Amino acid sequence: MAVYSGISMVLCLWVGVVFGLCFASAIAELPTFHHPTKGDGSLSFLVIGDWGRKGDYNQSQVAFQMGEIGEQLAIDFVVSTGDNFYDNGLTGEHDQAFTESFTDVYTSESLQKQWYSVLGNHDYRGDAEAQLSSHLRKLDSRWLCLRSFVVNTEIVDLFFVDTTPFVDEYFNSPEHVYDWRGVFPQQTYTKNVLNGLEYALMKSTAKWRIVIGHHAIRSAGHHGDTKELVERLLPILRTYNVDLYMNGHDHSLEHISDDESPIQFMTSGAGSKAWRGDVTMDRKGVSFFYDGQGFMSVQLVENDIGIVFYDVDGQVLHRWTMSKQLLHTAI
């Protein structure tokens, strides 16, 4: 009996140690960057995705209009929703495509602010780790790209999520080779991403919470919903009262409302090549869809957020505002 008790105690201690290590790993904190608001407590930024084509496919025209709107709004930073360099990411940290598609295109004075970027599926087709390197930050100090991270401000927390490894079909693609360094095993990696996000959301005390990834949770465009994110990410967003989910991937501008919570899905993936011509407008919750090039602006004050979608000429296509007291839309 004493032997059995001793074995049991050893097993319990072993399980406790293993569980403790797993739990500690599961709640590993995401890298966090602090970005101050303006003196009056407000914040404004632009959101652009699917852009890096060395100025082609109207990328330069969109960049010019971003500069104009950025000046009007006195933006604090820019968010990139991924697919930063086409067609197959960067070949390495010395790839001239970084300068030709980023530094030489987004030249307006108002855009000389921090850029917070996530990776898209096209970025994973090249040297994904090159985009994460400190070398690129030395070439252009605006550039900051990590797999998953948090930007904390006094008014809003932005949670950037690496969504490409969630999509199962990429791991069985006969057409493309993906750079999965640092991602295998897939299920462990994605579980840790979600645990890190959930822990960051749990700790957040900001009034506004915005989650940003490359792939859509809800989309009326070519790619449509990403089922893996619907199944695994959306429940977390609902649980922790996230206000908005922003993404790229579909080369369009979209606004869709969640059917079970106040979450709004905003697609800004129209930074260059667009006009695919396929849309599912009859789906529930679609407030706005535009198939051409453009970008999005976000303005926040303590109790209100305002979002505006612009086309390649800087014309306003759609406006939407939300208050912590009231919720309304305007097209």
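Modeller: A cavity is a set of points on a 1 Å grid, laid over the protein atoms alone, where a 1.4 Å probe fits but cannot get out; its lining residues have an atom within 4 Å of a point. This is a predicted model, where local features need pLDDT of at least 70 and side-chain atom pairs count only at pLDDT 80 or more, while totals for chains, interfaces and linings use all residues. Residues are numbered from 1 along each chain as its sequence is written, and side-chain values use heavy atoms, with hydrogens and water left out.

Colleague: Happy with that! How many cavities of 30 Å³ or more does the search of the whole structure find?

Modeller: One. The largest cavity holds about 40 Å³, and Asp-250, His-251 and Arg-276 are among the residues that line it.

Colleague: What makes Ser-323 buried?

Modeller: Buried means under 20% relative accessible area with a 1.4 Å probe, protein chains only. Ser-323 has 13%, so it is buried.

Colleague: Which residues does Ser-323 touch, leaving aside those up to four places away in sequence?

Modeller: With contact meaning heavy atoms within 4.5 Å, Ser-323 touches Trp-208, Asn-303 and Asp-304.

Colleague: Good. Why does the span of helix H2 agree with what it should be?

Modeller: The expected span is 1.5 Å times one less than the number of residues. H2 has 15 residues (59–73) and should span 21 Å; its end C-alpha atoms are 21 Å apart, so the two agree.

Colleague: And what covers the buried residues of H2?

Modeller: The cover includes strand E2 (43–48) and helix H3 (97–103). Val-62 and Ile-69 are among the buried residues of H2.

How values were computed:
Buried means under 20% relative accessible area, exposed over 50%, partly exposed in between (1.4 Å probe, protein chains only). On a 1 Å grid over the protein atoms alone, a cavity is a set of points where a 1.4 Å probe fits but cannot get out, and a pocket is an open set with protein on both sides within 12 Å along at least five of seven lines; lining residues have an atom within 4 Å of a point. Grid points are joined across faces, edges and corners, and a volume is the space filled by probe spheres set on the points. Helices (H or I, at least four residues) and strands (E, at least two) are DSSP runs, numbered from the N terminus.
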